Amino acid sequence: MAVSWLDAVMAIEVVAYPFPWTRGNFLDSLAAGHPMHCLIDGRGELLGYMVTLAGVDEIHLLNITVAPQHEGCGWARTMLHALVRHARATGLAFIWLEVRPSNARARRLYERFGFEQIGLRRGYYPAEGGQREDALVMRRAVGTDPPSPERPHAVD
């Protein structure tokens, strides 16, 4: 991902989430050198993106988002599959993430992909009415094969 994609990323982010990342969050991640990837179709349309944080022997998935008009097409699976391949190729042991308990669709995807809940972060996410929502902490060992994507796609 490059700064030139941020307008398209923000257009998706603000529609996809009630509490979206800010442009500053993405700029800070770029400046810090966090691995960030865009999934782009053959016409140059942004389908989705992911932001990760590399560790010593692990990678933390900070944000994975599919444009709402492209949800249900397998793009999140495609990006997760690419993340697992990358982690395996670079010798990482684990992939970590947080997910809202209320995000049942994402939780099902992560569970099908081999992620297991290993913890809970209380009050992690902002929620309606000034409240906070917990985060489920999930981890996946890289050594196991992920389910194959329904069709191969490239992640840029």
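I took the burial terms first: buried means under 20% relative accessible area, exposed means over 50%, and partly exposed lies in between, with a 1.4 Å probe and protein chains only. By that scale I noted Trp 5 as partly exposed, with a relative accessible area of 24%.

I kept in mind that this is a predicted model, in which local features need pLDDT of at least 70 and side-chain atom pairs count only at pLDDT 80 or more, while totals for chains, interfaces and linings use all residues. Residues are numbered from 1 along each chain as its sequence is written, and side-chain values use heavy atoms, with hydrogens and water left out.

**Trp 5**

I found Trp 5 in the segment before helix 1, where helices (H or I, at least four residues) and strands (E, at least two) are DSSP runs numbered from the N terminus. Leaving aside residues up to four places away in sequence, Trp 5 touches Cys 38, Ile 40, Gly 44 and Leu 46; contact means heavy atoms within 4.5 Å.

**Helix 1 and helix 2**

I looked up how helix 1 (residues 6-16) meets helix 2, and the two pack at an angle of about 135° with their axes 10 Å apart. Axes here are lines fitted to C-alpha atoms, for helices over the stretch in contact, and angles run from 0 to 180 degrees between N-to-C directions. That makes helix 1 oblique to helix 2, since angles under 35 degrees count as roughly parallel, over 145 as roughly antiparallel, 65 to 115 as roughly perpendicular and the rest as oblique. On the helix 1 side the contact is made by Leu 6, Asp 7, Val 9, Met 10 and Glu 13, and on the helix 2 side by Arg 23, Phe 26, Leu 27 and Leu 30.

**Aromatic rings**

I searched the whole structure and noted four aromatic pairs; rings of Phe, Tyr and Trp (its six-membered ring) pair if their centres lie within 6.5 Å, and planes under 30 degrees apart count as stacked, over 60 as edge-to-face and the rest as tilted. One of them joins Phe 26 and Tyr 49 edge-to-face, at 5.8 Å centre to centre with 80° between the planes. Phe 26 lies in helix 2 (residues 23-32) and Tyr 49 in strand 2 (residues 46-54), so this pair ties together parts that are 23 residues apart in sequence. Both Phe 26 and Tyr 49 are buried, and together with Trp 21 they form one aromatic cluster.

I also noted that Tyr 110 and Phe 115 are both buried.
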